[in-house]
Amino acid sequence: MGMTEVTTGFHDHEVETMPRPKLEALQLERLQATIGRLRAHVPVMAERITDIADPVSLDDLTVFPFLHKKDLRDNYPFGLFAVERSELARIHASSGTTGKPTVVGYTADDLEIWHACVARALRGAGIEPGWMLHNGYGYGLFTGGMGLHGGAEAAGINVVPVSGGNTDRQLMLIEDFAPEAICCTPSYALTLAERLGDAAQSSSLRVGILGAEPWTEAMRKAIEERLNVVAINIYGLSEVIGPGVSCETADRDGLVIMEDHFLPEIVDSETGERLPDGEVGVLVLTSLTKQAFPVLRYWTGDLCSITREPSPCGRTHARMSSIVGRADDMLVIRGVNVYPSNIEHALLQVDGVSPHHQIIVTRQGTLDTLEVQVESSVTDTDTDTDTLASTINHQLTSALGISVKISIHADGTLPRSEGGKLSRTLDQRDLGSA
Ligand code: DLL
């Protein structure tokens, strides 16, 4: 059964197709206001930028310092907020790998802007008002559930607030309610597809709005085949607002950045110098309209490129590529730089390999070992697994430029997403190191 086509729509046609000179004038005006706001209401930031003159062009932004996740931690919980507590309408937070979460705040106006951004994302992805959206992102401090929820409501889309987890119940609700659209992490989309089995091919689902974790084109293909949906990539981060900073349209030709609210820059990960369009570097985002927690040059750590070429659908806002990795996700194995996304991509080129895999890095003495555990139904005989392992080995070795240890596991035995983000990389090298 073939995938159904979806057509891009607009939530705010005028803004989404605004001529660039007009858009850039609006950005500059809003940037100046944001900087004014920081000077007036966030002492930590005011002090940092006290000697820097207000920008008179968008390029003047490059003289301002970056804001890092560490700054949020150092000012935990509310030290970077630009409003009084009483003006806050909502708090969200993302759990870091260690210690305290990163906390972000919203005024009522901020929430409205956020929802409008997500509404644009959903309409752009081809979801129509009146459709039903099964929302499988976690509700709570994580921005995914409530962000998609508010956006769907703002776009007139009927949202089923399922949240993550309890896969049996999710399957039942998809079957009984017949939603046209679903949103969840890509790894959870795979879990659902696997559990739906053949029923996925005749399910009501047409579009999946997937994000919150990195995924490759090869993974997209696997999800589209298995879940029988058009898989759309949505990006965002709590520090900047949450999901809806950018999203692919139904044309799936880059993620359109909601540029009237977020100003993107791509910079060199080492020097911080701004890079030209088309080059891959760290995405740095400046919020242009947020009141409670404005961010100036936030260093996302996410690697991608951007283009300012207009889209065929008429959108004029810049588009970013999918995230190719994070600077801190990069594994240096025996001196060679390897991104988990390179591994995933190469792996999924091999027939008979399921998209479920795990990457394990260990060190013995000074020697790093990269082990890739893959799942396959080809575990019937030793010869079959040996052949498969050597095919994969060949594929990965030539893609990565280093040797890789392959182990084949029976179908269904490697970790699955149970609703949220799934990390497929286990770097055991620094464990226990003092
Ligand atoms: O993950 C917001 C979100 C919710 C986005 C639902 C999309 C859908 P955080 O928990 O703060 O916020 O994590 C943000 O997740 O810096 C990226 O490293 C990663 N990330 C988010 N979306 C994508 C994506 C939400 N589409 C961090 N592709 C970001 C790759 C993504 N990585």
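1. Helix α8 is mostly covered, with nine of its 11 residues buried; buried here means that 20 or more other C-beta atoms, placed from the backbone, lie within 10 Å of the residue's own. The buried residues of α8 are Pro 186, Ser 187, Tyr 188, Ala 189, Leu 190, Thr 191, Leu 192, Ala 193 and Leu 196. Their cover includes α7, β5 (181-184), β6 (207-211) and α9 (217-227). Helices (H or I, at least four residues) and strands (E, at least two) are DSSP runs, numbered from the N terminus.

2. This is a predicted model, in which local features need pLDDT of at least 70 and side-chain atom pairs count only at pLDDT 80 or more, while totals for chains, interfaces and linings use all residues. Residue numbers start from 1 along each chain as its sequence is written.

3. Helix α7 (residues 167-177) packs on helix α8 (residues 186-196) at an angle of about 70°, and their axes are 10 Å apart. The axes are lines fitted to C-alpha atoms over the stretch in contact, with angles running from 0 to 180 degrees between N-to-C directions. The two helices, α7 and α8, are therefore roughly perpendicular (65 to 115 degrees).

4. On the α7 side the contact is made by Thr 167, Gln 170 and Leu 171, and on the α8 side by Thr 191, Leu 192, Arg 195 and Leu 196; contact requires C-beta atoms, placed from the backbone, within 7 Å. By class, this contact of α7 with α8 has three nonpolar, three polar and one charged residues. The classes are nonpolar (Ala, Val, Leu, Ile, Met, Phe, Trp, Tyr, Cys and Pro), charged (Asp, Glu, Lys and Arg) and polar (the others, Gly among them). Just after α8, Gly 197 has a positive phi of about 60°.

5. The domain assignment, automatic or from a database, gives domain 1 (13-20 + 88-326) and domain 2 (331-433). Their C-alpha centres lie 27 Å apart. The contact takes 18 residues from domain 1 and 15 residues from domain 2. On the side of domain 1 that touches domain 2, α8 supplies the largest share, four residues. By class, that side has eight nonpolar, nine polar and one charged residues.

6. Among the 21 residues around the ligand, Gly 144, Gly 211, Ala 212, Leu 237 and Ser 238 come nearest; the criterion is a C-beta atom, placed from the backbone, within 6 Å. Elements giving two or more residues to this shell are α6 (143-154), β7 (230-237), β8 (242-248) and β12 (298-304). Strand β7 gives the most, with five residues.

Note on methods: Angles under 35 degrees count as roughly parallel, over 145 as roughly antiparallel, 65 to 115 as roughly perpendicular and the rest as oblique. Two residues are in contact if their C-beta atoms, placed from the backbone, lie within 7 Å. A residue is buried if 20 or more other C-beta atoms lie within 10 Å of its own, exposed if 12 or fewer, and partly exposed in between; C-beta atoms are placed from the backbone.
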